[in-house]
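I hope they are handy to have beside the viewer as you look around.

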Amino acid sequence: MGFLTPMDSAFLMMEGREHPMHVGGLQLYEPPEDAGPDYARQVYDYLLAHTETRPLYRSRPAFPVGSLGQIRMVVDPEVDLDYHVRLSALPRPGRIRELLALVSRTHSGLLDRYRPLWEMHVIEGLEGGRLGIYTKIHHSMMDGVSAMKELERSLSPDPTVRDCPAPWSPRTRRRHPRPPTTPLSMLRDGVGVAGDVAGMVPAAMRVATLAFGNVDLVAPMRAPHTMFNVGVGGARRFAAQSWPMERLAQVARASSTRLNDVVLAMCSGALREYLIEQNALPHAPLIAAVPISLRSKDDDIDNEEAGGGNSVSILLCNLGTDRADPLHRLDVVARSMRQGKEMMRGLSRVQAMAMGALNVSTLAFTQIPGFTRITPPNFNILISNVPGASEDLYFNGARLDGAYPMSIVFDGFALNITLTSRAGHLDFGLIGCRRSVPRLQRMLTHLDDALAGLEKAVS
């Protein structure tokens, strides 16, 4: 694996007992019609039988305790699947409430740095016979887009297929093979990076010029202090729900905005009502950090040599939570996102990642005692929309009925909202500090009310 990129290394350096730095996901499956009462055990045994693993799933820090372990990965010759893949059960009939409680506790635990940095939990006992699968993998190894691609490559659009691979199984083919590394290619890559670095100054000048001409452009360290911008403990609470994508698409068409603008406005309305309920709404609007994928459609996300990693930038978006009118909030959000994207236009991938790092630069200092109390935050909450499959997918005949992302929270940023698209639905996953964000499940009600308010406003 070799040395990590600075961004990937940062996720290892920032990790502590109160700050797990893994991402995860909860998938719900409708078993095939011929599934028996021991279906979960069959799925578990099927996964354990796939003993061949790709290097990505055998990667761990080279020196788990010490500074070098934060910057370099090694690949173990084999992996102990009995440790990484686990079978769990809820008391029957397990409700979604109990499932989310189990996943919340599991997501709170750190991954073992002496082993490859991932786990999978097969969960049985759900009411209606559904199957749950919870996975987590360290953020230094994978971003949200590549995690979703990992899920999709282990599923099939054909419900009759019965030989789906495990996520860690070796790839049978590579659509975009990576060319071999040669001295000439290394020189060419070095020249490209040098060009990116040399272009930082003129790129920064162009961004500064755009910023000067847009007085309402969101700048770092301008977000208000909120109840979310506090220290976090190690325990997490997870909430999840799905909405039909067409409902949001109709709002986007009627308001001449983008689907993601409507997602952000929906979150804005929910945050506003939640904070009013907590008597904690600030006068200034909340600012969201919005990840933007820099991967092209030709990127080989699962490349064996590349080993996963992160390729994202971050925009800062004004959520307009100081506006009571849903359409006014949507207009503020749409305008803010247009301005942010205009700033990124024309930047190389390296330059865009550097610009995004500036927008979240305060994260590097959040573990300094007192920093989150005395310093204005760059943003109040992170909201990420990860694209998923547009058609139904199956794992050996079991239909994917929900794919809820689980991200990370930091000191100073106690709530995270991540969602993904799935066969005409948007699956929301909310993760929060159990101590700092009380009654997180209330946010689901507020999200539904916010969407209904947008629909009424554009009708």
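Is D401 buried or exposed? Please keep in mind while reading that this is a predicted model.

1. **D401 and its partner.** D401 is buried, as its relative accessible area of 19% shows; the cut-off for that word is under 20%. The side chain of D401 forms a salt bridge with that of R130, with 2.8 Å from N to O. This pair ties together distant parts of the chain: D401 sits in strand β13 (residues 398-406), R130 sits in the loop between β6 and β7 (131-138), and the two are 271 residues apart.

2. Another of the salt bridges joins R92 and E124, whose closest N and O atoms are 3.6 Å apart. Here too distant parts of the chain are linked, with R92 in strand β5 and E124 in strand β6 (residues 118-126), 32 residues apart. R92 counts as exposed, at 57% relative accessibility. P93 has its place in strand β5 (residues 85-94). As background, most peptide bonds are trans.

3. **A pair within one helix, and the salt bridges as a set.** How far apart are the closest N and O atoms of the salt bridge between D331 and R335? They are 2.9 Å apart. The two residues are 4 residues apart in helix α10, and therefore about one helical turn separates them. Both ends are partly exposed: D331 has a relative accessible area of 42%, and R335 has one of 27%. The structure holds 19 salt bridges, and a network of them links D80, D112 and R115. In general, side chains of opposite charge can pair when their charged atoms come close.

4. **K136, a buried lysine.** K136 is found in strand β7 and counts as buried, at 4% relative accessibility. Which backbone oxygen atoms does the side chain of K136 reach? One is that of T106, which lies 2.9 Å from a polar atom of the K136 side chain. Another is the backbone oxygen of G109, reached at 2.9 Å. Leaving aside neighbours within four places in sequence, the contacts of K136 include H22, V23, G24, L111, L117, W118 and E119.

5. **The nonpolar cores.** The largest nonpolar core has 47 residues, and the members that touch the most others are F228, M266, L319, F428, L430 and L447. Helix α9 gives this core its largest share, 10 residues. A second, separate core has 40 residues, among them M120, M142, C164 and A403. Back in the largest core, L447 is one of the residues that touch the most other members. Not counting residues up to four places away in sequence, L447 touches W243, M266, C267, A270, F428 and L430.

6. **Two positive phi values.** Most residues other than glycine have a negative phi. S256, in the loop between α8 and α9, has a positive phi near 55°. N279 also has a positive phi near 55°, and lies in the loop between α9 and β9 (287-293). Are these residues buried or exposed? S256 is exposed, with a relative accessible area of 70%, and N279 is exposed, with a relative accessible area of 75%.

How values were computed: Residues numbered from 1 in each chain as written. Predicted model: local features only at pLDDT ≥ 70, side-chain atom pairs only at ≥ 80, totals over all residues. Heavy atoms only, no water. Buried < 20%, exposed > 50% of the residue type's maximum accessible area, 1.4 Å probe, protein only. Core = buried A, V, L, I, M, F, W, Y, C linked by side-chain atoms within 4.5 Å. Contact = heavy atoms within 4.5 Å. Salt bridge = Lys/Arg side-chain N within 4 Å of Asp/Glu carboxyl O. Polar contact = N/O pair within 3.5 Å; in protein donor to acceptor, adjacent residues only side chain to side chain.
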